[in-house]
Amino acid sequence: MKVVMRLAFLFLILASIDSTQSYKILVYSPRFSQSINNFLGNIADTLVDAGHNVTTLIPIIISELRDGTHKSKKIHIQPSEETTNIADSFKYEDGDFINDNDLNIIHSVMFGKFFTGLLNSGCPLIAELDVHSFSSRLLNMYANFVYFVAFYAGKAEINTLFKERYGPEFPGVHEIGSHAAFNFINTEPLIDFAAPTLSRIVAIGGIGAKEPKKLDGELDLILSLRQKTVLLSLGSIVQSFTLPLQIKQNIVKVISQFPEVTFIWKYEYPEDAFAKSVSTTTPNLHLFKWMPQNDILADKRLTAFITHGGMASTQETALRGKPGIYIPFFGDQFRNAGMMQKNELGTVFDKHNLYNADKLHAAVKDLLENESYYENAARVAAMISKKPFSSKELLVKTVEFAAEFGPSPALRPQSYDMSWIEYHNADIIAVFAVLSFFIVVSTLKVVKCVLKKVLRIVKVKEE
Ligand SMILES: *[C@@H]1O[C@H](CO)[C@@H](O)[C@H](O)[C@H]1NC(C)=O
Ligand SMILES: *[C@@H]1O[C@H](CO)[C@@H](O)[C@H](O)[C@H]1NC(C)=O
C-alpha cells in the first residue's frame, strides 16, 4: 500500500453541479517544484479542456518557478514572511548531494522537516529491492521507517494548525484523506513495480508531460551535428555547476572520449570559469542554462538521456522511448532509477562512482552500444501510447464520476480505522509466540525428565 503513495500533491475539491454537467473544480498547486507544477497544471488544463470550470489555488513558495496551468483561473497566495525565510534557508546550491545519505535518520528528519515545514505534505520512498535477499528487504523496511519518521513531524504540525484554527474536534488530515472519493497518483503502471493497490487509487502518470513542440534555433542545429546525441540533466535541485570539480572534470573527460557523439548538458551557470574553459576544448559538448527537456526527449534525433531519475524525467524518458543512465541523488529517485533498470531501459549509476571516470566511461559505452535498451524503450513507449485508457481519460472520467456521486464507503479500506497492532495482527502473533514458547519449554522439561529416568534405569541395570 505504502509503495503506491508517492509524491502526489493533488487536491481536487468539487463543488456544485449545473445542468450541462460542467463542474466547478478547485486544484491546489503549491508553487515549489517545477515538475509538480507541471503535473498539477496539466491536470487543471485537461479538466478545462473537458469543459469544466477550473480554478487553481497557488500558494507561492519559490517565486522564480512558472505556473503549470495555462487554461484555468488562477488565485495566487503571496508567500508569508515565514515561508520566505524557510525557502531562503535552504539553498539548493549549498546542498551536498553527493555525500548526503537519505537513510541517515538525522539528515532525513531535517530534510523531511524542511519539506514538510514548507509544504506539509509528502512521502517519497526507496525501493530497489532484491525481493529474495534478507538484507535488501530489511533495508527496505528500514527505509520505510526512516521516511515515516522524517515526515511524521510535519503531519503532526498540520494537524495542530488545523485544530488551532477550527477547534479540537477537527479531524486530522489522515482522517479527512481517508474519506476522499479517489486518490490520483503520479505513476505509470507499465514501468512501475507491481504492487497491491486499492480500487480508488487511480494512476495518471505521464499527464505532467506537455505536448512536445518541434525544436528550433540553436538546439535544432545541435541535434543535426552528429549521428548520436545524448542529453545530460540532473534536474532542478541538484545543480550541475555545484558538483565537485573532480566530478565535473570526469564528466567532460568521458564526453571527450566519445567525439562522434554530441552531448547537451544542463549546466545552470555557463558563465563560470569551468564552463568557459571546457566549451572551447570540448567541441562535442554544449552547455545550456535551461532547455525544453520534454521537446528534446521527443526529438527522433536524440539517442539517450543521462538523468537524476526524478519522477517527471523518468516518465518522460519512458513516454518518448529513450533509454538512459539513471544517477539517483535522493528521495524517490532511487526507486525510480531501480524501476527503469528493472525494465531494462538502461542502468542505475551510483553517484559516488562519478569520481571514477573509467566507470562512467563504461556506463556511457554500454548505453550507446547495447541495442536491447533501445528495443525495450521503443516497446514501452508504444505500449504507453496504446494503453486501453489514457491518463487523461482516466482523470476526466474519474473526476466527473466523483463529482456526481461523491465518495463511496465501499471503496474506503477498513485499515484506516485499525490500530498498528490490529493491522499487523501483532496481538495474534504475540499470543502464538507465547504459546509456542510454553509448549517448547514444557516439551523440553518432559524430555529431560524422561531422559533422566531412562538413564537411571540403565545405571541400575548395569549395577
Ligand atoms: C466559474 O466559477 C466561478 C466561481 O464560482 C464563477 O464566478 C464563474 O462565473 C464560473 N464561470 C463560468 C463560465 O461558469
Ligand atoms: C544489454 O543489456 C541487457 C539488459 O540489461 C543485458 O541483459 C545484456 O547482457 C546486455 N548486453 C551486453 C552485450 O552487454
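Tutor: Happy to! Let's begin with ligand 2, which has Glu-344, Asn-370, Ser-372 and Tyr-373 around it; a residue is listed as near a molecule if one of its heavy atoms lies within 4 Å of it. Before we go on, please keep in mind that this is a predicted model, in which local features need pLDDT of at least 70, side-chain atom pairs count only at pLDDT 80 or more, and totals for chains, interfaces and linings use all residues. Residues are numbered from 1 along each chain as its sequence is written, chains are lettered from A and ligands numbered from 1 in the order in which they are written, and side-chain values use heavy atoms, with hydrogens and water left out.

Back to the shell around ligand 2. By class, this shell has 1 nonpolar, 2 polar and 1 charged residues. Here Ala, Val, Leu, Ile, Met, Phe, Trp, Tyr, Cys and Pro count as nonpolar, Asp, Glu, Lys and Arg as charged, and the others, Gly among them, as polar.

Two of the side chains make polar contacts, meaning pairs of N or O atoms within 3.5 Å; within protein, one atom must be able to donate a hydrogen and the other to accept it, and residues adjacent in sequence count only if both atoms are side-chain atoms. An N or O atom in the side chain of Asn-370 is 2.3 Å from an oxygen atom of ligand 2. For Ser-372, the distance from a side-chain N or O atom to an oxygen atom of the ligand is 3.3 Å. Taken alone, ligand 2 exposes 360 Å², and the protein buries 38% of that. Such areas come from the Shrake-Rupley method with a 1.4 Å probe, and for residues only the protein chains shown count as cover.

Now look at Glu-344 from that shell. Glu-344 sits in the loop between helix 11 (333–342) and strand 12 (346–348); helices (H or I, at least four residues) and strands (E, at least two) are DSSP runs, numbered from the N terminus. Its phi is positive, about 55°, although Glu-344 is not a glycine. The cut-offs are under 20% relative accessible area for buried and over 50% for exposed, with partly exposed in between (1.4 Å probe, protein chains only).

You will find Asn-425 in the loop between helix 15 (420–423) and helix 16, and at 40% relative accessibility Asn-425 counts as partly exposed.

Helix 16 (residues 426–462) holds Ile-428. Together with Val-431, Phe-432, Leu-435 and Ile-439, Ile-428 forms a nonpolar patch on the surface, with about 490 Å² of accessible area in total.

How many salt bridges does the structure hold? There are 11. One of them joins the side chains of Asp-220 and Arg-301, at 2.7 Å from N to O. Asp-220 lies in helix 6 (residues 217–223) and Arg-301 in the loop between helix 9 (293–298) and strand 10 (304–307), so this pair ties together parts that are 81 residues apart in sequence. Glu-369 and Lys-365 also meet in a salt bridge, at 3.1 Å; being 4 residues apart in helix 12 (residues 357–369), they are separated by about one helical turn.

Lys-266 and Glu-268 form a salt bridge too, with the closest N and O atoms 3.0 Å apart, and both residues are buried. Glu-268 leads us to Gln-239: 29 residues separate them in sequence, but their C-alpha atoms are 6.6 Å apart in space. A polar side-chain atom of Gln-239 lies 2.8 Å from the backbone oxygen of Ser-236.

Finally, ligand 1 is surrounded by Lys-24, Asn-53 and Lys-73. Asn-53 places a polar side-chain atom 2.3 Å from an oxygen atom of ligand 1. On its own, ligand 1 has 360 Å² of accessible area, and the protein covers 30% of it.

Notes
Patch = residues over 30% accessible without salt bridge, like charges linked within 9 Å, V, L, I, M, F, W, Y side chains within 5 Å. Salt bridge = Lys/Arg side-chain N within 4 Å of Asp/Glu carboxyl O.
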